[in-house]
Amino acid sequence: MNFLAHCHLSGENRDILFGNFIADSVKGSEFNKFPTDIKNGIIHHRKIDTYTDRHEIVRSSIKLIRPVYGKFSGIIIDIYYDHFLALNWKMFHNQELSNYSRDVYLTLGKRFKYLPARNRRMLPFLIAQNWLSSYANIDDLRRVFWGMDRRTKNISGMKDAVEQLVMNHKLLETHFMDFYPELQEYAKETLNTIITNENEKL
C-alpha cells in the first residue's frame with residue numbers, strides 16, 4: 001500500500017501514523033532508535049506490506065499489469081489502490097479527505113526532527129502538491145507517475161501507468177474493494193497485538 005492507505009490504517013494515534021509514513025525510509029533495526037509509538041508504526045507498516053504482498057487479490061492486480069511493467073508492477077498497484085481509496089474515501093472515513101490530508105501534513109510537520117533525510121526532502125513537495133488528496137484525480141495521478149518514471153531514469157514506463165489504470169479501472173476497483181476491508185481488519189488486529197507486546201516489555 002502507499003502513503004494514504006498506510007496513514008488511514010494507523011488508527012487515531014498520530015505517532016503511529018507518523019511511523020507508518022516514514023517506514024520505507026527506515027532500514028533494518030534502525031526503528032529501535034525511535035520513540036515507542038513511532039517504532040510501533042514502523043513495525044505496523046512492515047506487517048501491512050507483508051500481508052498485502054502475499055494476498056491473492058493483490059497478486060491478481062499485479063498479474064494484470066506485469067506484462068507491461070515487470071518488476072515495477074507492485075509499486076504501481078500500490079498507487080492504484082491509493083487512488084481507489086481516495087476515490088471511495090467517504091466509504092471508509094467520516095472526515096473529508098481534504099481535511100484529513102491537512103491533519104496528516106500537520107502531524108508530519110510537528111515531528112519534523114524525526115523525519116529521515118529522504119522524507120525531509122519529500123515533505124515540501126508532498127504538502128505543496130497535496131499528494132494525499134490528489135490520488136483521487138487522474139490528471140494529478142499522471143503527474144505522480146511521470147515523476148516516478150523520471151526517478152527510474154525512464155526505464156519503468158510508469159509515465160503511461162494512468163492509461164493502464166483507465167483501461168482496467170472497473171476490474172482493479174473491484175479488486176481493491178474486495179481486498180481493503182480485509183486489510184483493515186488485519187491492520188486493526190495487528191496493531192493491537194503490536195501495542196500489547198510492547199506494553200508487556202515495560
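Q: In this predicted model, which side chain of opposite charge is nearest to Asp-49, and how far away is it?
A: Asp-49 belongs to helix α3, residues 36-54. The residue is buried yet forms no salt bridge, a term that requires a side-chain nitrogen of Lys or Arg within 4 Å of a carboxyl oxygen. The nearest side chain of opposite charge lies 7.8 Å away, and it is that of Arg-46.

Q: Which residues does Asp-49 touch, not counting residues up to four places away in sequence?
A: Contact here means heavy atoms within 4.5 Å. With residues up to four places away in sequence set aside, Asp-49 touches Met-1, His-6 and Asp-24.

Q: What should helix α9 span, and how far apart are its end C-alpha atoms?
A: Helix α9 covers residues 138-151, which makes 14 residues. At 1.5 Å a residue, the helix should span 20 Å; the distance between its end C-alpha atoms agrees, at 20 Å.

Q: Which residue caps the N-terminal end of α9?
A: The buried residues of α9 include Phe-145 and Met-148, and what covers the buried residues includes α5, α8 and α10. At the N-terminal end, a side-chain oxygen lies 2.9 Å from the backbone nitrogen of Asp-139. The capping residue that supplies this oxygen is Asn-137.

Definitions and conventions:
Residues are numbered from 1 along each chain as its sequence is written. This is a predicted model: local features need pLDDT of at least 70, side-chain atom pairs count only at pLDDT 80 or more; totals for chains, interfaces and linings use all residues. Side-chain values use heavy atoms; hydrogens and water are left out. Helices (H or I, at least four residues) and strands (E, at least two) are DSSP runs, numbered from the N terminus. Buried means under 20% relative accessible area, exposed over 50%, partly exposed in between (1.4 Å probe, protein chains only). Lys and Arg count as positive and Asp and Glu as negative; His and the chain ends are not counted. The expected span of a helix is 1.5 Å times one less than its number of residues. A polar contact is a pair of N or O atoms within 3.5 Å; within protein, one must be able to donate a hydrogen and the other to accept it, and residues adjacent in sequence count only if both atoms are side-chain atoms.
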